[in-house]
Amino acid sequence: MLYREAGQFKTSYEKDAAIFPIRQDRIAVALIAAVAFLVIPFVASPYVFTGILIPFLIFSLAAIGLNILTGYAGQLSLGTAAFMAVGAFATYNFVLRVPGIPILVAFAASGVVAALVGILFGLPSLRIRGFYLAVATLAAQFFIVWFLSKVGWITGNSSSGVITAQQIVILGYEFNAPAAKYLLVLSIVALMALAAKNMTRGNVGRSWMAVRDMDVAAEVIGIRLMRAKLLAFAVSSFYCGVAGALFAYAYLGTVEPEAFNLDLSFRVLFMVILGGVGTVLGSFLGSAFVILVPVLLSVSVRFLDQNLGLHIAESTISNLELIVFGALIIFFLIVEPHGLARLWQIGKEKLRLWPFPH
């Protein structure tokens, strides 16, 4: 009854093809945005900002980038962290070597650099696919991280390899407080998520999905495979590059190659699989699952330790978190392989038919 579409008539193709064509969706998005921008900055603690909200938003942006490539275009990639590293180091060098460059311009330029690198490593997708393409992107993961750590000009000839990120300054205001960094990251992620949603519902998104479903048939109906695949790699790498710049500047505070290892690539891939392949919403849901579940498990174990006197060692708690987290991933993949976004879609379908859901 709360999600009925009856009476919501569309009088033009533009209204029917809107990003949020249903009134309830528009209201829900507006309420979420109002809470995120107007309420959370005044009630959340610094730990919530730095430990949960900022990484959640950054990983959501990286997951959107991977979802564009893997979920919509069907090109499997294991090099997400490498493209994030390109964005982080490109931002560092733009700020270091271009006097007076605005930090937001540096973020955008780093995304462009990551997109160019993504096109370069996306060239094998024109001849190979599936497992072999995954191996090619895995090679990109190792090569890019090695290259960034070995070339002294990129790291500013740092002997330790750990570089302190420059301050985020916009219009003379320094974004040092966790709440300020949160609002900056939230604004960038919200704009880019809307852009991705708009892109995937248009001609570009339909061409990507046609290539994903059957590239031979897509080529027969006039879709240029080279353009579609390389554009998917470019857009995906752009999103990952911006996410990497935010990861280094708004979360870590340092620019170091070791932070963008293979484990980070797999974490982003798990977010896409758990959240839902081929959906922008699934990127946010998967990121929330991967970020929040370990925190909830840690809090639960410590609560039981304090109240029941179990005296569990820290190493045991860490291993227990990994075991339970892995078991939850397997459980969700068995119960709903299409991810959390599919569960949300099923819930909306039942609300449409309420009080007689099937």
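Predicted model: local features only at pLDDT ≥ 70, side-chain atom pairs only at ≥ 80, totals over all residues.

**Exercise 1.** Find how far helix H5 reaches and what its buried residues pack against.

*Solution.* Start with the length: H5 covers residues 103–122, which is 20 residues. From its first C-alpha to its last, H5 reaches 28 Å, close to the 28 Å expected at 1.5 Å a residue. Next, look for buried positions; among them are Ile103, Phe107, Val117 and Phe121. Finally, check the partners: the buried residues of H5 pack against helices H4, H6, H7 and H10 and against strand E2.

**Exercise 2.** Classify the ring pair of Phe121 and Phe143, and say which helices the pair ties together.

*Solution.* The whole structure holds 12 aromatic pairs. For Phe121 and Phe143, the centres are 6.4 Å apart and the planes make an angle of 50 degrees, and the pair is tilted. Phe121 lies in helix H5 and Phe143 in helix H6, so the pair ties together parts that are 22 residues apart in sequence.

**Exercise 3.** Classify the ring pair of Phe143 and Phe147.

*Solution.* The ring centres of Phe143 and Phe147 are 6.0 Å apart. Stacked planes are under 30 degrees apart; here the angle is 25 degrees, so this pair is stacked. Both residues sit in helix H6, 4 residues apart, or about one helical turn.

**Exercise 4.** Are Phe121, Phe143 and Phe147 buried or partly exposed?

*Solution.* Buried means under 20% relative accessible area. Phe121, at 19%, is therefore buried. Phe143 has 43% and counts as partly exposed. Phe147, with 35%, is partly exposed too.

Notes
Residues numbered from 1 in each chain as written. Heavy atoms only, no water. Helix = DSSP H or I, 4+ residues; strand = E, 2+ residues; numbered from the N terminus. Expected span 1.5 Å × (residues − 1). Buried < 20%, exposed > 50% of the residue type's maximum accessible area, 1.4 Å probe, protein only. Contact = heavy atoms within 4.5 Å. Phe/Tyr/Trp six-rings, centres within 6.5 Å; stacked < 30°, edge-to-face > 60°.
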